[in-house]
Amino acid sequence: MSEKVIDLGFSKKEQKRIKQEVLQSIDKALADIEAAESFFQNTTDSKLIEVAIFYKMAAITRYEYLLKQAKVHGIVIDADYMLQKGFIRALE
């Protein structure tokens with residue numbers, strides 16, 4: 001994974017912390033998307049199906065927001081890392 005982070009006035013230590021935080025949050029959002037999808041696939045109650053859809057849409061929205069934050073901070077995520085972490089698979 002590329003270590004490029006745009007200098008926005010943050011120290012190197014702060015840049016590294018921000019990068020780790022954003023990447024961890026992206027991983028969590030992907031896990032939330034997968035959990036919501038699993039919940040949706042395994043429930044039959046109409047109210048719970050609505051809840052699962054709501055949770056999945058919220059997780060996808062959070063994921064998209066975090067990708068934008070990564071871009072703002074100049075965090076470059078290469079294709080190998082995205083495939084390894086399942087970034088692409090989760091949105092299918």
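Ser25 touches Arg62 and Leu66, when residues up to four places away in sequence are not counted, and touching, or contact, here means heavy atoms within 4.5 Å. Ser25 is found in helix α1, and with a relative accessible area of 18% it is buried, a word that stands for under 20% relative accessible area, while exposed stands for over 50% and partly exposed for what lies in between (1.4 Å probe, protein chains only). The structure is a predicted model, in which local features need pLDDT of at least 70 and side-chain atom pairs count only at pLDDT 80 or more, while totals for chains, interfaces and linings use all residues. Residues are numbered from 1 along each chain as its sequence is written, and side-chain values use heavy atoms, with hydrogens and water left out.

The confidence of the prediction is expressed as pLDDT, the predictor's confidence in each residue on a scale from 0 to 100. The protein chain averages a pLDDT of 82, and 80% of the residues score at least 70. Among the elements of the chain, confidence is highest in α2, at 93, and lowest in helix α3 (residues 79-85), where the mean is 72.

Helices (H or I, at least four residues) and strands (E, at least two) are DSSP runs, numbered from the N terminus. Helix α1 has 30 residues and reaches 44 Å from its first C-alpha to its last, close to the 44 Å expected at 1.5 Å a residue, where the expected span is 1.5 Å times one less than the number of residues in the helix. Of the contacts in the protein chain with a separation of 6 or more, 69% are made by residues 24 or more positions apart.

What lies inside? Of the 92 residues of the protein chain, 29% count as buried. The buried residues of α1 include Gln15 and Lys19, as well as Val22, Leu23, Ile26 and Ile33. The largest nonpolar core has 15 residues, and those with the most contacts inside it are Val22, Ile26, Ile33, Tyr63, Ile75 and Ile77. Helices α1 (12-41) and α2 (46-72) each supply at least two residues of this core, and α1 gives the most to it, with seven residues. A nonpolar core is a set of buried Ala, Val, Leu, Ile, Met, Phe, Trp, Tyr and Cys residues joined through side-chain atoms within 4.5 Å.

Ala70 lies in helix α2 and, at 2% relative accessibility, counts as buried. Leaving aside its neighbours within four places in sequence, Ala70 is in contact with Val22 and Ile75. The C-alpha atoms of Ala70 and Leu23 are separated by 8.0 Å, although these residues are 47 residues apart along the chain.

Charged side chains form a further set of links. Side chains of opposite charge can pair when their charged atoms come close. A search of the whole structure finds four salt bridges, each being a side-chain nitrogen of Lys or Arg within 4 Å of a carboxyl oxygen of Asp or Glu. In one of them, Glu21 pairs with Arg17, the closest N and O atoms being 2.7 Å apart; both residues lie in helix α1, four residues apart, about one turn of the helix. Glu21 is partly exposed, with a relative accessible area of 44%, and Arg17 is also partly exposed, with 36%.

Lys28 forms a salt bridge with Asp32, with the closest N and O atoms 2.9 Å apart, and these two residues are separated by about one helical turn because they are four residues apart in helix α1. An α-helix has 3.6 residues a turn, so residues three or four places apart point the same way. Lys28 is partly exposed at 46% relative accessible area, and Asp32 is partly exposed at 28%.

Another salt bridge joins the side chains of Lys56 and Glu37 (2.7 Å, N to O). Because Lys56 lies in helix α2 and Glu37 in helix α1, the pair ties together parts that are 19 residues apart in sequence. Lys56 counts as buried at 18% relative accessibility, whereas Glu37 counts as partly exposed at 26%. Elsewhere, salt bridges that share partners join Glu14, Arg17 and Glu21 into one network.
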